[in-house]
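Please look over the structure before reading the points below.

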Amino acid sequence: MNDSRSIVILTGAGISAESGLATFRGPGGLWEGHRVEDVCTPEALAADPDLVHRFYDLRRGALAGVHPNAAHQALARLDEAWKGDLLIVTQNVDDLHERAGARRLVHMHGELTSAFCAACGNRVRWPDPLPPGSACVACHQPALRPDIVFFGEMPYGMEKIEEALSGCDLFVSIGTSGAVYPAAGFVQLARSYGADTLELNLEPSAGSHLFGESRFGPATSLVPAWVDELLK
Ligand code: APR
């Protein structure tokens with residue numbers, strides 16, 4: 001594949017698993033310990049802001065103890081070296097891609113290290129615990145919430161993502177179960193535009209049958225090998 005071609009890479013919780021961050025639907029996954037309805041919907045935030053803020057404070061706090069793994073580092077190396085268009089679309093809210101050095105990156109489900117003002121829409125970097133009722137630095141309303149896209153809310157960056165998918169020659173999905181839309185539909189969109197499609201995942205996912213090629217194994221071995229192939 002010559003390095004002027006365009007690549008879109010979708011990542012999910014599986015790429016951060018070997019860094020020690022829990023996935024959602026695997027054994028010991030986050031959704032085993034919590035019901036999505038209790039911690040990841042606008043209704044949950046309204047009903048029990050303490051529980052929701054605490055859930056994300058715990059996950060934000062865990063970031064200090066984990067580091068990017070070889071898969072994150074390989075994608076950052078590709079981002080740095082690839083002369084064609086490239087976009088990493090992550091469903092993850094951790095900061096491991098950017099800490100590995102990735103630049104061309106979109107967090108479509110938000111970020112743990114960001115706070116969002118429900119009153120004025122201002123977004124601010126927030127690496128610390130975020131108590132309910134924290135005041136917005138812009139409008140001073142007590143309306144800061146975790147900058148996480150809850151179920152039922154519109155993911156971020158969709159225009160940019162759809163534009164990248166419409167022009168890509170290769171779509172690669174890494175470490176995602178293909179359980180949640182719109183991300184789970186990106187492979188079909190890419191195929192409809194004639195892109196080649198590749199899945200790198202620990203095991204077959206809900207969307208494996210949609211990919212031209214699937215490779216199964218841990219991301220820290222599959223992703224560096226794939227990037228080496230591309231850059232040789
Ligand atoms: N290497 C590669 N893949 C892995 C690894 C690993 N070491 N460990 C787990 N996986 C795979 C699993 O096989 C699974 O297919 O990663 C996937 C993780 O799936 P989920 O836990 O469902 O996470 P994800 O696909 O990112 O969830 C999507 O759902 O709950 C929402 O907003 C949340 O962004 C999340 C979205």
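Arg-215 and Glu-229 form a salt bridge whose closest N and O atoms are 2.9 Å apart. This pair joins distant parts of the chain, with Arg-215 in strand E9 and Glu-229 in helix H10, 14 residues apart. The model is predicted.

**Salt bridges**

- The count of salt bridges comes to 11.
- Glu-229, the acidic partner of Arg-215, has a relative accessible area of 38% and is therefore partly exposed.
- Helix H10 (residues 219-231) also holds Asp-228, which forms a salt bridge with Arg-77 at 3.0 Å between the closest N and O atoms.
- Arg-77 lies in helix H6 (residues 70-81), 151 residues from Asp-228, and the pair links distant parts of the chain.
- Asp-228 is partly exposed at 40% relative accessibility, and Arg-77 is partly exposed at 37%.
- In the salt bridge between Arg-145 and Glu-153, the closest N and O atoms are 2.9 Å apart.
- Arg-145 has a relative accessibility of 10%, so it counts as buried, the cut-off being under 20%.
- Arg-35, Glu-37 and Asp-38 are joined in a network of salt bridges.

**Strand E8 and its neighbours**

- E8 pairs with strand E9 (residues 213-216) in the parallel sense over 4 bridges, and Leu-198 stands opposite Glu-213 in E9.
- Strand E7 (residues 170-174) also pairs with E8 in the parallel sense, over 5 bridges.
- Val-172 stands opposite Leu-198 in E8.
- A right-handed β-α-β unit is made by E7, helix H9 (residues 186-192) and E8.
- E8 is largely enclosed by the rest of the structure, because 5 of its 6 residues are buried.

**Largest pocket**

- The largest pocket holds about 860 Å³ of space.
- It is lined by 42 residues, of which Ala-13, Thr-23, Phe-24, Arg-25 and Ser-177 are the closest to its centre.
- Strand E8 (196-201), helix H1 (14-17) and helix H5 (49-62) each contribute at least two residues to this lining.
- By class, the lining has 23 nonpolar, 14 polar and 5 charged residues.

**Second largest pocket**

- About 230 Å³ of space lies in the second largest pocket.
- Its lining has 16 residues, and the closest to the centre are Leu-21, Ala-22, Leu-30, Arg-59 and Leu-112.
- H5 gives the largest share of this lining, with 4 residues.
- The lining of the second largest pocket divides into 10 nonpolar, 4 polar and 2 charged residues.

Terms used: Residues are numbered from 1 along each chain as its sequence is written. This is a predicted model: local features need pLDDT of at least 70, side-chain atom pairs count only at pLDDT 80 or more; totals for chains, interfaces and linings use all residues. Side-chain values use heavy atoms; hydrogens and water are left out. On a 1 Å grid over the protein atoms alone, a cavity is a set of points where a 1.4 Å probe fits but cannot get out, and a pocket is an open set with protein on both sides within 12 Å along at least five of seven lines; lining residues have an atom within 4 Å of a point. Grid points are joined across faces, edges and corners, and a volume is the space filled by probe spheres set on the points. Ala, Val, Leu, Ile, Met, Phe, Trp, Tyr, Cys and Pro count as nonpolar, Asp, Glu, Lys and Arg as charged, and the others, Gly among them, as polar. Buried means under 20% relative accessible area, exposed over 50%, partly exposed in between (1.4 Å probe, protein chains only). Two strands pair if DSSP finds at least two bridges between them. A crossover is right-handed if, with the strands pointing away from the viewer, the path from the first strand over the helix to the second runs clockwise. A salt bridge is a side-chain nitrogen of Lys or Arg within 4 Å of a carboxyl oxygen of Asp or Glu.
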